[in-house]
Structure formats: structure tokens, C-alpha cells
Amino acid sequence: MAAAIDTELWRPGATALAGLIRSGQVSAVDVVEAHLRRIEQVNPAVNAVVHVMGEEALDRAREADRAVAAGAELPVLHGVPFTVKEMIDVAGTPATQGLTALADAYPARDAPAVERLRAAGAIPIGRTNMPSGAVRWHCESELWGATLNPWDRTRTPGASSAGEAVAVATGMSPLGLGTDGLGSLRHPAQCCGVTVLKPTLGRIPAASSVGPGEMTTIGIQLTGVTGPLARHVADLRAALEVMAGPTWRDPWTVPAPLAGPARAGPLRVALVVDPGGRGTAEQVQDGVRRAGEALRDVGFAVDEIEPPGIDAAADALLVMLSTPGTRLGYEQVMEPLAPAPVRRFMAEFFEAAGRPDESAAEQAFMTRHALLRQWGEFQETHPLVVAPVATDVPAPAGTDLEEGQVAETIRAMRMTMAVNTLGLPAVALPVGVSGGLPQAVQVIGPRYREDLCLDAAAAIEDRLGVLTPIDPR
């Protein structure tokens, strides 16, 4: 029986694995070895894991098993393996950002989220692929090549946390750590059929010892976050509880409580089927309506209504990330290091933004402030918003650089970009399969109410199930 359990230990989620280890039913070594074997078997087909920390992970697993045997008090993720996107610092491994120029960029210490996962007993086992410089809505690195979608190798696996999403979707990792500045967690969740949490700005700290952090412009500071990926909503909740909280390393972080006050009566949900009325694929619309029905079935009050200023918020983000200072920083720091696909993408991105001047940039930040007030008022009556991630199905791999596609993807990602503009929390999760590809929604909440997002996402998951892990197809 023990051997049978061991061969399938890549299937359970992170909290389930922690329970098995804590109860002594399996060892941490069994769990880590099972995932290392899964990486060896599956990764050649999808190219998601680019650096394996095998020996170090097994050493940590043996330490974890000694703690179990000694009857020590065990942290919540004791012995659970996890993987980390290549731009997030893990001491002892390069944080390359998929760039040849950073191939030997070894951070001096772990990123805060990695430190906290380790303190909770989790064990890093690998680094995952990302597009060079975290640019593009398709995962292709000049160092490691392209990552493939395990559902359909002809389709993109998504934006820059796609290596993580593929690793989690295929059972190579039960828990991942990625980033989201333009949908880079939620888009891969849609493409690969996993669950992710994009936290509120300031909820989970981010910091790096690689590169000139002081060059991070205010637009990027206000929109980019670190968050977990998993196959089960419960694992996102566990990871959030471990990683959240302030630190001097990230001045944006705040000591906000993890749960807010209970709301009287049934929680009202705004169901957004076609954000801004600018076109949404039938497959995507069907998934949103399926999520809405699942929430109605368990007592949520669901109205097909739209929050204010979706397009205005998405447009503001374009400008915030294309200010004269941001463009100058890109030209001075990033462009000399960037491969041709990144340079092409950025040129088209700046063009789509209209190359705003200082006056337009100032107006974008003012628009953000006004929209935060408007959304805050809207969420007094409809605290949760259920909407598409991208309004189109995953595109053919590599077509994000074709003429006009950057602007077209911006149209498709308008709701996701609006959430980044406003720094709101969102959980993205699968709701079914159509045409051989996952369907997904994002559940958006008020600031610092990840608990509401997670509760609603758990209700959807309970009704509609999970899609992964899967074998690559």
C-alpha cells in the first residue's frame, strides 16, 4: 500500500500533502521524490521547469522527516514541495528573468514570499520558465525556449507566470509562486486550468537583491504583485496566510487583517459576461454564466451588472506603464539586454498606449484615484465581481507578436488589466472545458478582502470541480 501511495504523490494538493506528512502516512522524502520523478517524466514534453533543486530539496525533506519523528511542532506546509518563477529570488539559484544577460545573477537571499514559505515548512524544488524580462503574453525565453500548453501544444500557456501554471497543471508541483502585473497569474490560470490568487497591492511582500530596484517606476510599483498558484482554492488560502504581512523589504506592505467583517444577508455578485461590451468569445461567456449559476445554487445573489469604468481603468494602466520615465528606464536598462521579441513587443505596447506625455501620465494616476472611489462605492452593494480573465480563448502559440496582436490582446485583457490598475484582489479558477481547452473566471473583491474572493471561489470549485493535474496532450 505504501508503494501505491508513493507513486501517486504528485496528485494531491499542498494542504492534503501536508496532512499526509504530518500524520506519518507518507514521508516528506516520499513526496519530494515523487515530484522530482514527475518532473523527470513530464517536463521534457512541456519545458516548464528550467532548474531542478533535487539534492537540496531531498536534504530539506530528510530534515522534515526527522522533525516528524521527533514529535516536533510542525508548521502548516511542513515537507510540501513548491516551485518558483524565475524572476523571484531563491538564494543559491539564478534569478535570470529569462535573459541571457542575467544567467549568472544569483540573489543574496530569498524573496520575502520564499522566506515565509520556507518558514512554513515548504521546500523549493525548482525554478520555472517565463518570457524574457516578464514581457509578452506568451511564455518564451531566450535562455530556455518556449513552454508548451499541456492541454494543446499549439496554444499559448499564457503570460509570464506560465511556467508555474504548467508545472502545477501537470503535477510537477502542488504549489507555485508567480507574479502578476498585466494578468501574468490569471491568464496562465485560464490557459492551463489551475487556480491562482492575485492579492491586493500591499498584501504579499515582494523584493529582490538582483538588479536596480530603485529603477522600478511608480506605475510598476502600483500594479505588480506576487501570488500563489495551485490546483485547489484551499491551497491558495493556506499560502496567503503564510506569505501575507508587512516587512521593511517592501514599503507597500500593510498589516491588514486576513479576514474582514461578515456581511449581512446573501452576498451580492456582479456577473460581467462581456466587459465594456467589446466582444467576448462564446466559450468564455458560457464559463462566466456557469460560475454565476454555481454561486446562485449555494445562496449568492447574482446580478448581471457591470462595475464602472472598465475600459477607463485598462486605458489608465497602459499609460501608467508607458510614462516618459518608464520608457526612459526601459531604454536605458532593459532594452540593451532584451532579445528582439521583447523589443518588438515593447514597441507595440508603447504604440498602443499612445506614447503619453507627462500631462497624460499625470491624468492616468488621477483617473486611477477616481476609479478606486467609484469601484469602492459599487462594491458596497456588489462586493464581488465575477468576470472573464481574457475574453478570447488561448491564442495560437507565438502569435502575440504578429501585427496588431498586442493591441488585440489588450482588448481581450481589459477586465484583467482594470484589476491591476486598481490593485484589487482576484482569484482565477477553472469552471469547465470547452473545445478541449479550460474555461475560467476571475472572482474580484474589494481591497484586502481576499477572504471573500476565496470563499466564493471555493463555492464554485465545490460545485464545478477541479481540472488538473493532467498529462500533457
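**Entry 1: Val84**

I looked up the contacts of Val84 and found Val90, Val114, Gly126, Arg127, Thr128, Glu164 and Leu177, leaving out residues up to four places away in sequence; contact means heavy atoms within 4.5 Å. The model is predicted, so I took local features only at pLDDT of at least 70 and side-chain atom pairs only at pLDDT 80 or more, while totals for chains, interfaces and linings use all residues. Residues are numbered from 1 along each chain as its sequence is written, and side-chain values use heavy atoms, with hydrogens and water left out.

Val84 belongs to strand S2 (residues 81–85). Helices (H or I, at least four residues) and strands (E, at least two) are DSSP runs that I number from the N terminus. Val84 is buried, at a relative accessible area of 0%. I use buried for under 20% relative accessible area, exposed for over 50% and partly exposed for in between (1.4 Å probe, protein chains only). I also checked Val84 against Leu185, 101 residues apart along the chain, and the C-alpha atoms are separated by 13 Å.

**Entry 2: aromatic pairs**

I took rings of Phe, Tyr and Trp (its six-membered ring) as paired if their centres lie within 6.5 Å, with planes under 30 degrees apart counted as stacked, over 60 as edge-to-face and the rest as tilted. By this rule I have 4 aromatic pairs. Trp137 and Phe345 form an edge-to-face pair, 5.5 Å centre to centre with 70 degrees between the planes. Trp137 is in the loop between strand S3 (123–128) and strand S4 (140–141), and Phe345 is in helix H13 (residues 340–353), so this pair ties together parts that are 208 residues apart in sequence. Trp137 is buried at 5% relative accessibility, and Phe345 is buried at 5%.

Phe349 and Phe350 also form an edge-to-face pair, at 6.4 Å centre to centre and 65 degrees between the planes. Phe349 is buried at 3% relative accessibility, and Phe350 is buried with a relative accessible area of 4%. I note that ring pairs link Trp137, Tyr330, Phe345, Phe349 and Phe350 into a cluster.

I then looked up Ser322, which touches Phe349 and Phe350 as well as Arg327, Ala353 and Pro356, not counting residues up to four places away in sequence. Ser322 lies in the loop between helix H11 (310–320) and helix H12 (324–334) and is buried, with a relative accessible area of 0%.

**Entry 3: a charge over a ring**

I found the charged end of Arg38 over the ring of Trp10, 3.6 Å from its centre. The test asks for NZ of Lys or CZ of Arg within 6 Å of the ring centre and within 35 degrees of the ring normal.

**Entry 4: H9 and H17**

The axes of helix H9 (residues 233–243) and helix H17 (residues 450–464) come within 9 Å and cross at roughly 160 degrees. I used lines fitted to C-alpha atoms, for helices over the stretch in contact, with angles from 0 to 180 degrees between N-to-C directions. H9 and H17 are therefore roughly antiparallel; angles under 35 degrees count as roughly parallel, over 145 as roughly antiparallel, 65 to 115 as roughly perpendicular and the rest as oblique.

On the H9 side I listed Val233, Leu236, Arg237 and Leu240, which meet Glu450, Asp451, Leu454, Asp455, Ala457, Ala458 and Glu461 in H17. I followed up Leu236, which is buried with a relative accessible area of 0%. Leaving aside neighbours within four places in sequence, its contacts include Thr195, Val196, Leu197, Val427 and Leu454. The C-alpha atoms of Leu236 and Leu197, 39 residues apart along the chain, are separated by 6.5 Å.

**Entry 5: H15 and H16**

Helix H16 (residues 414–422) is mostly covered, with 9 of its 9 residues buried. Just after H16, I noted a positive phi of about 70 degrees at Gly423. In helix H15 (residues 405–412) I found Val406, Thr409, Ile410, Arg411 and Ala412 buried. The cover over the buried residues of H15 includes H11, H13 and H16.

**Entry 6: backbone**

Most residues other than glycine have a negative phi, and most peptide bonds are trans. I listed Arg355 for a positive phi near 45 degrees. Arg355 is in the loop between H13 and helix H14 (358–381) and is partly exposed, with a relative accessible area of 41%. Tyr448 has a positive phi near 65 degrees; I place Tyr448 in the loop between strand S13 (437–444) and H17. Tyr448 is partly exposed at 23% relative accessibility. The peptide bond from Thr468 to Pro469 is cis, with omega near 15 degrees, and Pro469 is in the segment after H17.
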